[in-house]
Structures are given as structure tokens and as C-alpha cells.
Amino acid sequence: MRPLTEEETRVMFEKMAKYIGENLQLLVDRPNGTYCFRLHNDRVYYVSEKILKLAANISGDKLVSLGTCFGKFTKTHKFRLHITALDYLAPYAKYKSTQDCRKVDPMAIVVFHQADVGEYVRHEETLT
């Protein structure tokens with residue numbers, strides 16, 4: 001597990017800026033601690049610095065994952081976001097918030113929470 005290079009950081013931040021804009025800084029400097037991005041096997045993980053220090057004792061070949069996988073770099077060095085990043089990006093999203101959906105034109109097309117297919121199954125017992 002290693003820090004991202006400048007080029008990798010630029011590519012990843014450009015991709016995430018399309019979704020959350022200037023709120024990107026809020027992902028790193030959070031009120032509950034400092035978080036960072038680390039690369040392991042072409043996958044980018046979002047991890048607390050406290051957990052990162054604890055994981056320093058584990059060798060890289062034994063480490064499977066650490067923190068939340070935000071996405072991966074393809075062989076052509078493009079960054080692809082994973083669905084696991086959705087919970088962290090949604091609060092800072094520029095578009096498609098619940099308040100914006102209520103104010104939109106009645107003929108507009110709105111996609112809401114499309115990616116989380118398993119939510120119904122997880123909350124099935126609480127549905128009325």
C-alpha cells in the first residue's frame with residue numbers, strides 16, 4: 001500500500017470533482033479525523049490515518065484491503081469509481097439531491113438512488 005503519485009491523484013480528483021465539485025477537500029479534512037487515499041493493487045482506498053498507522057505492521061502481500069475502496073485504475077490509467085464510494089460522495093453531491101428533486105420541472109427525468117439495488121433487501125423488515 002502506497003500513497004498516490006501526483007498523476008494518479010490528479011486523475012482521481014478530476015473524476016471525483018465531476019460529482020462533488022469543490023467539496024473534495026471535505027473528504028480529506030473531516031471533523032472526525034484526517035483521511036487519506038492509498039493505492040493497493042490498482043485500487044484506491046479511502047482510509048483513516050489512525051487505521052493506516054495500525055496497518056503499517058502488516059506486510060503488503062498479506063494485506064487484502066484497507067478502508068473503503070473508492071475505485072480502481074484501469075490498464076490505460078483511467079480512474080473508475082466503485083459503488084462503495086457512493087456513501088461518501090452522496091452527501092457532497094452537486095446534482096440530484098432530494099431537495100432539488102422536489103423543485104424540478106414535472107416533465108424532467110430524475111434518477112434517484114439508482115446504484116443501491118440491495119437497499120430493499122437490507123431494509124425489508126422495516127418496510128410497511
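1. A polar contact is a pair of N or O atoms within 3.5 Å, where one atom must be able to donate a hydrogen and the other to accept it. In this predicted model, the side chains of Asp 29 and Gln 25 make such a contact, at 2.6 Å.

2. Asp 29 lies in strand S2, which covers residues 29-30. Its relative accessibility is 44%, so Asp 29 counts as partly exposed; the class runs between the 20% limit for buried and the 50% limit for exposed.

3. On the overall fold, the protein has 6 helices and 6 strands. Read from the N terminus, their order is β-α-α-β-β-β-α-β-β-α-α-α. Of contacts between residues at least 6 apart in sequence, 48% join residues at least 24 apart.

4. The largest nonpolar core has 17 residues, and those touching the most other members are Met 12, Met 16, Leu 27, Phe 37, Val 44, Phe 70 and Phe 73. Two or more residues come from each of helix H1 (6-20), helix H2 (24-28), strand S3 (33-40), strand S4 (43-48) and strand S5 (68-73). H1 contributes the most, with 4 residues. A separate core of 5 residues includes Cys 36, Val 47, Leu 52 and Ala 55.

5. Which residues does Leu 27 contact, leaving aside neighbours within four places in sequence? They are Met 16, Ile 20, Tyr 35, Tyr 46, Phe 70, Tyr 88, Leu 89 and Tyr 92.

6. Finally, the surface. Buried residues make up 26% of the 128 residues in the protein. The accessible surface is about 9,500 Å², and carbon and sulfur atoms account for 55% of it.

Definitions and conventions: Residues numbered from 1 in each chain as written. Predicted model: local features only at pLDDT ≥ 70, side-chain atom pairs only at ≥ 80, totals over all residues. Heavy atoms only, no water. Buried < 20%, exposed > 50% of the residue type's maximum accessible area, 1.4 Å probe, protein only. Core = buried A, V, L, I, M, F, W, Y, C linked by side-chain atoms within 4.5 Å. Contact = heavy atoms within 4.5 Å. Areas by Shrake-Rupley, 256 points an atom, 1.4 Å probe, with all protein chains shown as cover.
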